[in-house]
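Please read it alongside the sequence and the coordinates.

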Amino acid sequence: MAASLVGVLAVVRNVSVKRTVRSKCLISSSHVCTRRLGASACRNAKAQVKRSLSQELVGVVGLEIHAQIHASTKLFSGSQVRFSSPPNSLVSFFDASLPGTLPVLNRRCVEAAVMTGLALNCTINKKSLFDRKHYFYADLPAGYQITQQRLPVAVDGRLSYGVLVDGSQNHVLERSVRIKQIQLEQDSGKSLRDGHRSQTLIDLNRAGIGLMELVMEPDMCCGEEAAAAVRELQLILQALGTCQGNMSEGQLRVDANVSVHRPGEPLGVRTEVKNINSARFLARAIDYELQRQMAVVESGGTVVNETRAFDFKSGQTIPMRDKEGLQDYRFMPEPNLPPLLLYDQQTAPMDADPTQVILIDQIQEQLPELPRVTRERLVKTYGILPEHSFTLVNEDDLVDYFVSVVQRTKAEPRKVIGWVLKDLLGQLKQRCLSTAQSPISPLALAELLDLLEAGRISSPAAKLVFQELWKGTGRSAEQIVEQQDLGVMRDHGEIERICQSVIDSHPEEVRAIRGGNRNVLNKLMGRVMKQTKGRADPLLVRTLLEEKTS
Amino acid sequence: MYCTLGRITSSLQCVALYLRPVRHRCGVYVGPHVVENRGGQNITRHRKKHTSSLSQSQTPHHHNPKVPQTPTWECVREDQLPLPTKVPPDLVDKLERLALLDFRNQDGVDCLEKAIRFADQLHVVNTDGVEPMASVLEDRTLYLRDDRIEEGDCAEQLLGLARNTLEGYYVAPPGNIPLPERDEREVLLKYSEM
């Protein structure tokens with residue numbers, strides 16, 4: 001189930017709705033705070049920048065993203081990874097930090113990190129190191145987290161993503177953000193505050209799950225760009241299968257480093273907006289914080305370097321009480337784990353046990369098609385619009401659905417896309433269903449489109465058949481057309497008779513038409529179409545009516 | 001009495017032979033199975049060196065000439081060492097916060113200063129051109145485990161070890177208990193013969 005980032009998706013999903021997105025956005029404080037859900041600072045090209053000062057300030061956004069690795073077991077122990085299980089049921093002695101236990105690295109987690117690194121155009125370090133990061137918290141029983149601080153598994157990557165823009169016509173603006181590094185690290189347990197009894201309940205099921213921490217350079221300028229980048233990353237991770245990317249289950253967690261400055265000047269003091277665990281609020285949280293900082297700077301104040309949390313109820317970021325003032329994690333090399341060595345087919349030792357060797361080039365060869373390539377293929381193969389390709393790829397299974405309809409019908413892909421995005425996806429969204437739950441199979445839709453294509457039903461009748469198919473009675477489009485008599489009326493005499501009766505019963509309208517008001521003809525057409533249940537050929541009806549009213 | 005680094009290193013090497021993760025599984029120590037044949041053998045050049053030293057140590061009667069049979073040390077003269085480090089109250093403060101330790105008394109600070117003095121001997125050793133070593137295991141192959149569920153489901157056993165539990169959860173204090181405020185600490189320090 002694709003967790004949708006509203007900022008981006010709302011644009012994509014709503015194919016017909018025109019939006020305005022500014023490429024490099026200047027955010028006026030008056031503008032951002034009044035936006036409704038899903039709206040963002042980038043929108044409204046003519047953002048009413050009132051104060052000259054604010055015009056100069058631009059936002060700078062960097063992200064740190066924690067992606068839970070999709071694996072059966074944890075990073076360093078053989079206990080199961082599963083969401084919402086009874087508390088502490090997925091905990092090994094190592095996860096509980098019992099003395100005498102040692103970490104044993106999960107091969108799958110390393111492969112996932114390498115694959116993700118490759119998909120994000122990173123350099124994979126053939127030697128990487130593990131470190132301990134110390135802090136004291138009850139959900140981290142060892143008192144340290146094993147991470148990769150000195151030498152992470154992947155560095156220097158790049159994520160390309162598209163921001164949908166709407167000027168005079170729809171198009172997609174290419175953006176890219178540098179990936180500083182990807183490091184393997186352990187997740188912590190979960191704390192449940194029991195305010196009533198003034199205590200904390202600790203569940204270690206999450207403790208020790210493998211995370212990929214992706215550090216993105218501050219190459220983004222507003223919430224919408226950040227949301228688009230995260231959405232693209234989410235799609236890539238899901239395509240790779242290295243992370244399920246479900247934000248509501250905490251599989252993808254975003255921290256944003258936000259600052260404002262005037263272009264050309266050094267970056268401003270940044271704040272960190274922590275734990276944005278909801279796709280819906282990502283853009284909003286960042287834009288609120290940008291706007292807040294701009295207001296501070298404009299009023300002559302200084303931004304304080306602090307950690308802030310986004311409160312989705314009020315739509316504001318609020319300072320978090322720092323755990324212990326200035327943090328000093330006392331990083332040190334993890335003594336229990338030798339360096340992680342990776343190879344390629346050329347450098348792999350001849351006599352090595354294959355279960356102990358990870359080959360980078362082999363993983364490269366196994367990379368599946370990435371979302372961006374899928375989109376390009378869809379545009380090229382089927383001649384659909386780029387923004388439609390975004391919508392298709394954004395929805396789980398919708399690409400496959402579209403392609404199988406196209407393969408089964410004689411209708412052109414450009415006609416199919418309208419039905420898939422407007423009618424099918426519209427209905428699915430309205431009812432909060434996934435593509436897989438669609439009551440209309442690709443074959444059924446293909447049949448319907450064939451009837452339309454062959455001229456056996458009219459377009460309005462096709463919509464009626466679609467509604468019938470949606471009820472899922474198991475009848476095919478063909479059967480519905482027959483049983484409800486929705487086929488195009490072939491009987492010329494019958495259509496003529498209906499036209500005549502409409503004209504007879506609307507003498508006033510006929511007079512108006514004869515008086516020169518041609519628009520009234522449409523009203524009569526509507527009457528005829530209604531009487532024929534949309535089955536009459538509109539061109540024929542118009543010609544007949546024109547003849548009879550002239 | 002101080003022993004020189006050379007000695008420290010050789011005894012560390014000796015210890016290292018026993019520190020190796022013997023059975024590649026977390027949890028309890030299982031027993032002295034030989035790792036070498038489980039895979040990744042001779043992945044690095046150093047590997048062979050270790051294999052040979054391992055075989056030496058496995059026969060207890062065969063003496064490794066690098067390991068002295070009796071404790072031995074050489075004194076390092078005070079004038080070879082840098083000036084002794086004094087630990088100011090501010091630093092004690094910081095260390096206490098970072099380590100969640102309570103040692104704000106004269107004994108505690110003395111002990112810390114002695115430990116630093118002991119480590120000062122490392123300055124005598126010439127390390128020019130020597131790459132720092134993070135761990136004695138760093139030329140070992142990192143064992144990779146299959147992604148198979150083999151552990152967990154022992155909540156009862158684990159929670160049995162905890163002082164306080166509730167409905168399957170560990171119970172912890174509401175948050176980290178903050179250390180006393182600075183001025184409060186000054187007073188405490190003053191009365192602890194510092």
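How much area is buried between chain A and chain B, and what percentage of that area do carbon and sulfur atoms give? In this predicted model, the area buried between the two chains is about 4700 Å², and carbon and sulfur atoms account for 61% of it. The size of an interface is often expressed as the accessible area that is lost when the parts come together.

**Interface between the chains**

- Chain A contributes 63 residues to the contact, and chain B contributes 54.
- The count of salt bridges between chain A and chain B is 1.
- K94(B) and D328(A) form a salt bridge, with their closest N and O atoms 3.4 Å apart.

**Strand pairing across the chains**

- An open sheet of 4 strands contains members from both chains, in the order β9(A)-β10(A)-β3(B)-β2(B), with antiparallel pairing.
- L166(B) has Y169(B), in β3(B), as its bridge partner.

**Domains of chain A**

- Chain A is assigned three domains: domain 1 covers 42-333, domain 2 covers 371-483 and domain 3 covers 492-549.
- The contact between domain 1 and domain 2 of chain A involves 13 residues of domain 1 and 9 residues of domain 2.
- A distance of 37 Å separates the C-alpha centres of domain 1 and domain 2 of chain A.
- Domain 1 and domain 2 of chain A bury about 850 Å² between them, with carbon and sulfur atoms giving 54% of this area.
- The interface of these two domains of chain A holds 2 salt bridges.
- R375(A) and E232(A) form a salt bridge through their side chains, at 2.8 Å from N to O.

**Cysteines**

- A disulfide is a covalent bond that links the sulfur atoms of two cysteines.
- C499(A) has a relative accessible area of 0% and is therefore buried.
- C154(B) also counts as buried, because its relative accessibility of 11% falls under the 20% cut-off.

How values were computed
Residues numbered from 1 in each chain as written. Chains lettered and ligands numbered in written order. Predicted model: local features only at pLDDT ≥ 70, side-chain atom pairs only at ≥ 80, totals over all residues. Heavy atoms only, no water. Buried < 20%, exposed > 50% of the residue type's maximum accessible area, 1.4 Å probe, protein only. Pairing = 2+ DSSP bridges. Helix = DSSP H or I, 4+ residues; strand = E, 2+ residues; numbered from the N terminus. Domains from an automatic or database assignment. Contact = heavy atoms within 4.5 Å. Buried area = accessible area lost by both parts, 1.4 Å probe. Salt bridge = Lys/Arg side-chain N within 4 Å of Asp/Glu carboxyl O.
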